[in-house]
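Trainee: I am new to this structure and would like a close look at a single part of it, the nonpolar core and what surrounds it. Could you take me through that part slowly, in one connected account?

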Amino acid sequence: MKITSPIFKEGEKIPKDYTRDGADKSPPLHLEEVPQQAKSLALIMEDPDAPSGTFNHWLLFNMDPKIHDIREDSPPVMATQGKNDWGEVQYGGPKPPSGEHRYFFKAFALDSVLPLARGAAREELEKAMSGHVLDQAALMGRYAHA
C-alpha cells in the first residue's frame with residue numbers, strides 16, 4: 001500500500017495553506033495498492049515531535065477501501081472523523097510551538113468496518129484496529145511555525 005500527496009513529497013515541507021498558520025485545510029492525499037480484501041480504511045495524522053508526546057492532528061476511519069483520493073479540505077463522505085488533540089472532530093493542521101516538526105500521515109487497510117462513533121479518541125481507534133490491519137503506509141512531511 002502507498003500514500004502520497006500532490007502538494008508535498010516524502011520529507012518535504014507541508015505548504016502553509018495546510019497548517020494552522022494558513023487556511024488549515026486538510027491536504028489532498030492519494031492511496032494506491034490497497035489490498036482487495038480490505039473492508040475499510042483508516043488514517044491517522046500525528047506529530048511525534050510534540051513536547052508532551054505524540055500529538056494527533058487527524059483521525060479518519062471507516063473510509064470506503066475503493067477510495068483512491070482524499071480531496072483537499074474534504075474528508076470522504078462516508079468516512080467518520082475522530083477527535084484530534086486540539087479537541088476538534090476534524091482536521092487540525094500543524095503549528096509546532098518551536099522548531100521544525102515531522103508530521104506522519106499513516107494509512108491503514110482493515111479487514112473490517114470499525115464499531116466506533118464520530119469523535120472517537122485515538123486510543124479507541126487503535127484498540128478497534130488491533131488485529132484487523134491488512135496493510136499500512138505512511139507519508140511524512142515537515143513544518144516549522146512561521
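**The nonpolar core and its surroundings**

Mentor: The largest nonpolar core has 26 residues, and those that touch the most other members are I3, L29, L43, W58, M63 and F105. Please keep in mind throughout that this is a predicted model. Two or more residues of this core come from each of the elements β2 (29-32), β3 (40-47), β4 (55-63), β7 (100-110) and β8 (133-144), and β7 gives the most, with four residues. As a general background, nonpolar side chains in soluble globular proteins tend to be buried together.

Apart from neighbours within four places in sequence, I70 is in contact with P27, P28, L29, W58, L60, M63 and P76. The C-alpha atom of I70 is separated by 8.2 Å from that of L31, although these two residues are 39 apart along the chain.

The strand that holds I70 belongs to an open sheet of three strands, in the order β1-β2-β5, with antiparallel pairing. Since β1 (2-4) and β5 stand at the edges and each has a single partner strand, one side of each is left without a neighbour in the sheet. Between β2 and β5, which run antiparallel, there are two bridges, and H30 has D69 of β5 as its bridge partner.

Aromatic rings complete the picture, with three aromatic pairs counted. F8 and F105 form a tilted pair, 5.9 Å from centre to centre and with 45 degrees between the planes; this pair links distant parts of the chain, as F8 is in the loop between β1 and β2 while F105 is in strand β7, 97 residues apart. F8 counts as buried at 2% relative accessibility, and F105 counts as buried at 0%. The rings of W58 and Y91 have centres 5.3 Å apart and planes at 85 degrees, so this pair is edge-to-face. W58 sits in strand β4 and Y91 in the loop between β6 (80-81) and β7, 33 residues apart, so that pair too links distant parts of the chain, and both W58 and Y91 are buried.

Conventions. Residues numbered from 1 in each chain as written. Predicted model: local features only at pLDDT ≥ 70, side-chain atom pairs only at ≥ 80, totals over all residues. Heavy atoms only, no water. Core = buried A, V, L, I, M, F, W, Y, C linked by side-chain atoms within 4.5 Å. Buried < 20%, exposed > 50% of the residue type's maximum accessible area, 1.4 Å probe, protein only. Contact = heavy atoms within 4.5 Å. Pairing = 2+ DSSP bridges. Phe/Tyr/Trp six-rings, centres within 6.5 Å; stacked < 30°, edge-to-face > 60°.
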